[in-house]
Structure formats: C-alpha cells, structure tokens
Amino acid sequence: MLCPLEATLEEVPTQFQCNADKKSDRIRLYLGLKNLKISCYLQNDYSNSENQDIFSTLYTSKGLAPSLKLYNRTHAVVFNFQMSLNTTTWSIDIPRNHITLNADVAPVDEWYLQFKMHHGLDIFSTEGTLLDTVREPLLQWTIGTPISYSEVGTFINNAVNLQVSKSPCSNDVAILAPIFAPQTSAGCVTLSFIFVFTPIKISCLLCVSDCNGLAVADITLTSFNLLILTTRGLFISEDLTSPVKSNLDFKKLDLPISTEVSDKADITWLNSKNKKYEHSFKYWIYLYTVKTRVIRIWRNTVCIFLYPYFCISILLSCCRNTWNIYLMNINLLFFLLKVDHSHYTLLYTPLCPSNVESFHEGYLSLTSSKQNANYQNLPCLYSTDPFTDWYRCLQHGNSSASLIYDSQQDTGIVLSLNKNQGFVSVYSMINSQLNEKVKFSPFQFEFLPEGMSFDPSSHQLYVYGAEVWSSEDGGNTFKKIISLASEKFVKLILCVHKQAVVFVTNYGNIYFSKTGSLRYSKLNKTKSEFSTLYCDHLGNLILLALDAHSPNGLKVENINPASLMMDDDLGFDRPLALQYIRDKTALFHEFGPYLANPSAADSTPKLSNSYIGKLIQLSSGGRGVITEVYTTHISNKFLAVAVVDILETFNGEPLITDPNQSYSLTVRDVSNSSVDIQLYNTDSTDGFQLTDIGKTIVIPGTSSFLITDVVNSNSVIAVSTMPKLVRKDKTYNQAQWMLFNFGSGYERTWRITEGECRHSLQFFGDFDTNSLLYIVIQETMSFSFKASVSESGMSYFQKKLMKVIVGNPSLLKVTAAHSWDTLGNHILNITVFSMFFQKGMTTISVYVPEASLLCSLSSFTFSLQNSCPTSMRIKYIPDRLISADEWQYGNPVDSMGNKLLMDLPVNYRPPSQLGIAIPVSDNIYNADPSKPRPRQYYQISKNTGTYKQCAGKSSQAECGCTEEMRLSPLAAHSDCRKRVLRFLYPVNNFNITLFLTRSGHDNQPLKAPQFVTVTEINNRTNWRITGTNAVPSLLKMREYLGTSLNSTLYNPEGLQISFYGSELFHFRISVIPGISLCDLVEEVQIYIDGPPLAFPAQYLINTITAIVLGGILLIVFLLKLYGVKLPSKSSFTSLFRKRNSVTPIS
C-alpha cells in the first residue's frame, strides 16, 4: 500500500476535516449568534501533523485554497478560505449576517455544506451540514423533566418500541421516544431524546395525575408543533416558535371518534323493571357517540356523567320524577365511550413552510387498520394546522383507511383496506376537505397493504405490505417494485437528499431502492426489535437502538448501503437458457416448471422489471447487465425472458469437465418445443450425465436448447427457446455449439447482483438537486441534462437513457426534447413555460432507470413554484443613479450643480390642500418623538399624524431604524425616512421609469399589459398624469375594469407626471391584479424645492411693484411735458444748509 510520499493524493481517499478531532465522512457545523469560525485540513488514512503541513504548503504554492459552498433549496453562497504558508490548516471567519439576517425562532431550511479545493474544481469534495441552532424551534425547548445520562438506563429495559420523528426543515434534528407499556416506567410516560446526531437533551415526560392505562403510541414533529398520540387521546404542544417560558405545554385535542353499538353488546341492568327503556337507551348511546352529549328521548331527559373511562352513571328522569340508576357492562363502555387510541397511528406529510406559500398545507391523518368484533373499524380522521377541525376520510366501502395529502395536485389520497384487498382513491380538496367525487377510478391491490408513504420532494407515492407498489402520477396508476412470499413490509424511510428509499419488513430485513427506480436490493443488515432507522439531512442511513450500556442510553450506527447490497443475490431456483442474438447481446429465458416436480410449479415469473440494471454473473467467468425484461414468452415452457448486454463474454463449460463439446450433435423429433438431441462418435467414457440437466446447448444463429432430461449418454430431451428457428435433423459440428451452465439447484453457478455504476447523469445548471425555483407568468425556463454509459466496447445508437416525470402536469407546460451527440450520449433539453394564472408547485424529476443503485447520482429532482418570487418587485430607477452610500452620507449633484437629495426636517409632514401650513397626513417623516412637531397650528393638524416605527418610543435612537428602512420609500417606513429626491420648481412631464427587478435576473422595463394605478398617499391633489402610452389594450382594460377599480389605469411606458405644488409628493404605483401573481407596488417620493411665494403674497408684491414703477414714470413724463425745471444739486444743498444769523450791536 502506498503512502502519500509515494503516491499522489488522488490515489489515496482524501477529504476535508473541519472543527473535529476524529475522522468523519461528513462535517457537522452549528451556527449561533456569533461568527462562524471554521478550520479545515486534508486528512486520509496516513495523515499526521507533518503530512498536513505538506498538504497545506503544496496547494498553497499552487495558488489553491479551499472553498465553502453553503446552499439550501432556495439560496446558495460561496466563501473562499485564505491562503497561508505558515499553518497546517485553512481558516475562515464568516459573520452571521453574511449567511442570514434573521435570528428569530422559525422553521427554516438547514444548510448543506460542500468543501472543495478551490471553487469550480471537484477536488477532495466533502459534504456537510450547517444547523442554525438559534432558529430551530425544537432546540429551544425541554420536553418534560430533564434527566441525566446515568438515569436513562433505569427506563430503557421497560421499552417495547421506539419511535422517531424528524423536523421537516432540518432532518438532523429529531425527537426519539421509547414506547413504554403502561405503568412500567416509574410514572415516566416516555423519554424524549432531542437528537442532533447525538442526544443533546433527554427528558422524562411525566404523568402528573390519573395515569391508569396511559401509554404513548406514536409521535409526530411538525414545523410548529409536537403531537403525541397516547392511549388516552392525541396531545398537541404549544407553538414551538412562541417565546420559551419553561417546559413545553401540551393540551388534548377533541377528536370526533365514534363507534357504533354492536348487536352483541352486553348491557347489564340493575333494575329489571326498566327494561322497556333498553331499546331507546341503545339508540341514545348511538346518537351520543355520533352527535351530542345531551339528547331528549321521548319525554325523558337523559344526562350522562363520565368518570375516568371505567365507570358511568346514567340518570333517567321519568315523568313520575323518579330516579333509576343503571350500570353498564365494562366491555361495552370500553368500546363505546373509551376508544383505545393505541390502535391509531399518525400519518403526516412533511412540508417546510420556509419554502411554501399559503396554498400549501401540512395535513395530519389519524389512521387505523385494526378491527374488533364489538365495533366497526375506527374512522380515519384528518386535519390541517392548527389541528382544531377534524374531518372523516371518504373510504372505499366499509373499511379502515388512511389519508395522505398531495400538495402538488391538491388532492387527498385515501388507502382503504377491506379483507385481503386494498384500494387507493384520490379526491380533490375543496376548502381543506375531501370532495365526495373521486378524481380517478380507485386502484385495487390484490394484497392487504400495511400502509402508504408519500415523498413530496419527488412526487412518489408508495403502498407497501407483502408487495411494494409505486405511483408517479399521484395515485392514478401504480407499478410493482417488490414482492415477498413469507414476510411483509411494515415501514418505509425516505432519504430525500440522496433520493433513496428504504423498506423494512416485519422480520427486520432491510431493502434499499432509489426514487423513481423499479429496482431494489436487500441489505446484509437486520434491524432489531427495539431499534429504528433514520435518515439524516445528508441522506445517510442511521440505525438507532436503545442501549442501557451506552453513556446516553442510545446506540448510533451508520449504515453504508453500498457495501451491504453487494452481498444480495437475486438469483432464483430456476434454470436460465442462454441465447445469443448478437455478439454483445444475449437473451436469458426463465424456464417455468421445476424439473423435479412440474405439477407443483409456480407459474409466476421470477424475472420482472425490478431486475433491469442488475448484473448477472457466471462463476466460471462472464457478466452482463439486464436491460429489458418481458414477462410473456412465445413458448409455454418458459415464463419470461431478459435482454442482457454482455460486459464480459460468458465462459462455456471447459472441455476438461465436459468433453461432450468435442463431438457433433443432431436435433431429432421436434414436438411441442421439446426436441431429442443425439450425440455422435463419443468415447465410452464420455456422454451426457444427469448433472447436465439444466444446462444450455447454445448454437449461435439458431435456437438454444435447455436440457430437461437425460435418456442415455448419447441422447437428451431439451426445450428449444425459439421453436420456429429449430431445424430438424440438422447436425452441428463440435465448433458450432457450446454448453453453458445456468442451471438451478444447490450448486447454482450464477448470481444476479447489483452491478457497479456504469451510468452518469450530468446537469448543466447552477443549482443543486432538490432546489426550489420560482417561475412567473409568461416566463420560459430551460434545463439541460446529459446521460452516458461508461462501458468500453458497448455502443448504443440513440438509446433513451433518461426519463422525465412531472408531478403536476396541469400547472405548467413542460416539453422535453431528446437528442444524441456524436459519442452516443443522450441529451435531454426541458423547456418549461408558465401560461396559467394559477399558484402551485410541481416537481420535475429526471431519472436514469437503468442506473445502478450504487450510482451516487441516478436522478435529479427540482421543484418549480408558479407564484411570486420573494425577490421580485417593481422599482423606480432615476436617470441619475444614486448609490446607497450616497443616499445616507453623500451629497450628489446633477450636471448643473444642483443637489439631488433633500434632508427633511424632523417630524416633517407634507402640505395638504387646505394650505402649506396645515398638514393632515398620518405619515410622519424623519420622526423623533423627543422633538416637537412643526406646523401644529390648527386642531386638524394636531389630531392627525401617527408614529409607526417610533410608536411608544421616547427618542429617535430607540426607534430601531435599520439601514434598509432608511433607504425604503415605503410609507410603512416613513418614520425612518430622512432623505428624498429633490427637484427644482417647476417640474413638468416628469418621467417615472419603472423596472421589474428580480434577484439573479436582469432588470426588465415594466410595460403593457402590466398596467398600473397611481395614487398620492398623502392625499395631495396638485399634480396630474400628463403622459402615458395609450395602447388599444389599455383602453379596453379601462373600459373593462372601470366599475371595479376606483383609479384610472395607465401604461407604465411613457408615464409622466406634472407638479403644480411644492414640497413632498409621495406616490404609490401599483400593478393591477390579475396580471401578475405578485402584488407589485412601488412608492416614489419627490420633493419640489424653490417654488414661488404662496398665494396671494406673490400677486401683491407684483402689483405694488408695478404701481410704484408706473407712478415714477408718470411723474417724470409730466415734468418733461410741462418744462418744469428740476432743482439742481446745489439748490438742494443750499436749501438744507444751515444759515448764519447776524445780531445787531446795541
């Protein structure tokens, strides 16, 4: 074996190891409120500190560093590690807000991790998960009384079963509950293991009052609640997303469960003289169980008092005002007034609400398949969140039933059981209830199913029991996958991320299959009685078992299906007849009757479609893959035939052990597919023997012959695979025929196993499997796939390797175009077009049916949601783009040097039509509760104007305005809005250019038929729409919607507004309903600055100025007209000069 110094890293399995001391095949990281800090290094079987330093230096010197891709169904982001030559590890520090901005408790998708040596290079790819422990609801609670690991062992020995339920959004989070028999666990009804790969919280759910007969039967974890089914009824927890107070509280749900009184029910009357009331009393009991608690029978008022389940007093007040007390037989009470809920199971179709909208609902059904002689089958009930209203399932005849909800087609799928048969009926849902009319004709199964399961991620429905059937179209048609003779399937586990399906039998045997595949393989692993299987978020199969010797009471074992399925041999005790039809293609004919006892033969063929893709191997050499199976045959001697592509040539019997092949043979006496074959010129020691029975004589170019009997050493009776090709009395020389041993019996020399992966599926896109994409009306999306077969020497001419399944074909128009490249690879181009105004979701799955179960990727599934994308909106984009930094801190100007932004005064409100100083709007801009409001001169202004973000706050700092709120033009964020667009008066024919924006897409101009309405939300009226492109469709829509809309429709193309006032205008522009699945609304804020003086000040100033100027001109004109000489400067000076006075001398 090579060490890293003698071999490249690619020759030794190497992967990343992050934030862990021990080697693991996957990485588990947890996101808290702090930054996500990750340290990674390369590790393999030879790793040590010295080698890790070599790895780091080697790839850093090449300019390579690891990359981390975080993705879930709707988002993806890539982070790159920093290169460093001084450490043995690569490190990265990711702020939480770079991953998610939210920190509230809510059901959200768990993140997938993908580490690679440089993004885009598939080197040392290692998978992992990132769990947000801050937001995951279940992790915030303690269920019952916490106990230590040391106390767990005292309860485990009393467990009779084990139930597990995982979070719909985070499959790494699950709750594990041992099921105890009543009164056997010191008052502990069950233990709750809150499980994230290893138990992090173990609690005891205690019974605090009357616990007689109380036991847990089943548990289900939904996105918002934990439901516990007990013998006393169904209990539901409080909302898991509500603020954490203490322990999780539960309440009992009222279920409309009732059963009819059996004719064999025994009533014991203490007072025999009142037997005349027995008939009416029975009828009242029936009405009580079905209708109401208090009912009047003739003239008797009947009252009922229930004591805990086992005793009852019924008081009849007769017309003579006398009281008669009756006690009923306890058996009747048990079946009439106490339904044992342990006969029920919970069936829930998981949906993660972070990826779905209001048209999706998570349904829970209460199902039972058990019957009792004293009452009819317990009813099937179903409900949806918050599980307050319950309804009965529509069943096929008088039978027990179970229900599963198909969210894509909005149907309820009901499985009804009746004697030894099962029926699947599909009903449309109307107002969350089943429509009485079936959507398809019921599908009948000729066996008694144990249950059904639905995979919403791939739209696959499974019905299982002694057989397993699957449906791709929501329950209309089914195909058989597995059929067992002596056991039955009782449980199904879905591994969504790896598209795997696991079936478990009543004997604990485990069978493995892939989504959409009709093949299966038995794993060389058995599940014990007190254990359960569980698939984590990465699709890894895990066996959980109670173990009193384990430190935490739980044993966790990873199961590797790839290594366990190789030991499964699907060969059977029937001989196969080999027949070549080409050099690389052969037929294998399954012989019908068993040679030793033909009368006891089973006429059902063993070969089926589940064998397609399997590998048939001969111990002496040779192997081939089964590509087709036909369960009918032209000969009545054979039951089925398989087409096999030969990968390695099958070896015939060697001459040493079978020297008959060195002689000639002749075909004699052809009769009803049977022939007599003679061997000529043999030695006395050679010839046919009894061990040749079941072997095949292969003659290329003609029929093969399966030996069924040996007459003597020179003669055998054989069955021809193709009787019409047999030529009587034809002699074949020694070089023209061979003997192959594909016989049956204890020493069977051939096996049918799961072959190695030969197919590859490639998707040409930028998202991963199980992703969710949004599509809008009139949008077209395209997807491309390529499938190929990596087998040397095999060539396929235009063979379709891929198959497309659409979950809801009526929602979108999906077309598939098949083509082939020059190498024979299958190319599939899928085009999807949204043409209906209908919200909904559908999955599109691409499968390679012939791919081995060992292939890591044999199917690719993604979901398309025809609804409003979360990032889709309309946006006004000004001619001069202003960055977010300029909006908050800059002072941008236009080409003339004018400021483009206006800082609004504190607590500003725009003018109204009553006057500029009389604001009446409820919107306050740039709010600060600690400062006075301006323009509060009139009572109407004082009575209007309310805070939103700042309501109840004492200062602006307490308002909690975020950067997004400060930049938002929405009226809801007006308290935080400080700066708006500024334009100088006058503003005429101002262009409002709107764009349709969407994350990951280019901005598209908003245009017809996406017509809009324009309103001023502060009720200002001094503006007018002065321009719009009035296309004919706009005029028709105005006429059509004239009575239903209170606003005028406008075409967003060429939309212009003229302003006749000043200060702030706040417009709301809305796209009319029915055009888009989104509620598209944009708000535009424009401040008109530099207006003229308000009326009448400007007119007065102009008038006075004109009068003064006119008067001056008139006086000058008159003086010139009459020759009046105006005083000179000297005369004016002398006039005002002070004169000297003379005083005479006395």
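Cys976 is buried, with a relative accessible area of 6%; buried here means under 20% relative accessible area, with exposed being over 50% and partly exposed in between (1.4 Å probe, protein chains only). Its disulfide partner is Cys961, and the two sulfurs sit 2.0 Å apart. A disulfide is taken as a pair of cysteine sulfur atoms within 2.5 Å. Cys961 lies in the loop between α7 (939–942) and α8 (963–967), while Cys976 lies in the loop between α8 and β65 (979–984), so the bond ties together parts 15 residues apart in sequence. Helices (H or I, at least four residues) and strands (E, at least two) are DSSP runs, numbered from the N terminus. With a torsion of about -75 degrees about the S-S bond, the Cys961 and Cys976 disulfide is left-handed. Cys961 also counts as buried, at a relative accessible area of 17%.

Some ground rules first: this is a predicted model, so local features need pLDDT of at least 70 and side-chain atom pairs count only at pLDDT 80 or more, while totals for chains, interfaces and linings use all residues. Residues are numbered from 1 along each chain as its sequence is written, and side-chain values use heavy atoms, with hydrogens and water left out.

Cys18 and Cys40 form one of them, with sulfur atoms 1.9 Å apart. This pair links distant parts of the chain, with Cys18 in strand β1 (residues 15–18) and Cys40 in strand β3 (residues 36–43), 22 residues apart. The torsion about the S-S bond of Cys18 and Cys40 is about 110 degrees, which makes the disulfide right-handed. Cys18 is buried at 3% relative accessibility, and Cys40 is buried at 0%.

Then there is the disulfide from Cys868 to Cys1078, at 2.0 Å from S to S. It, too, links distant parts of the chain: Cys868 is in the loop between β62 (859–866) and β63 (873–876), Cys1078 is in the loop between β72 (1063–1071) and β73 (1081–1089), and 210 residues separate them. The bond of Cys868 and Cys1078 is right-handed, because its S-S torsion is about 110 degrees. Cys868 comes out as buried at a relative accessible area of 18%, and Cys1078 as buried at 6%.

On to a sheet. Strands β14, β15, β16 and β17 form an open sheet of four in that order, with antiparallel pairing; two strands pair if DSSP finds at least two bridges between them. At the edges are β14 (216–221) and β17 (250–252), each of which pairs on one side only. Neighbouring strands of this sheet are turned by 20 degrees against each other on average, direction ignored; axes are lines fitted to C-alpha atoms, for helices over the stretch in contact, and angles run from 0 to 180 degrees between N-to-C directions. Five bridges join β14 to the antiparallel strand β15 (residues 226–230), and Ile219 has Ile228 in β15 as its bridge partner.

Finally, confidence. pLDDT is the predictor's confidence in each residue, from 0 to 100. The protein chain averages 81, and 82% of the residues score at least 70. Confidence is highest in strand β60 (residues 826–833), at a mean of 95, and lowest in strand β18 (residues 295–297), at 30. Over residues 259–337 pLDDT stays under 50, and the model has 128 contacts beyond four places in sequence for that stretch; contact means heavy atoms within 4.5 Å. Residues 371–375 also stay under 50, with 10 such contacts.
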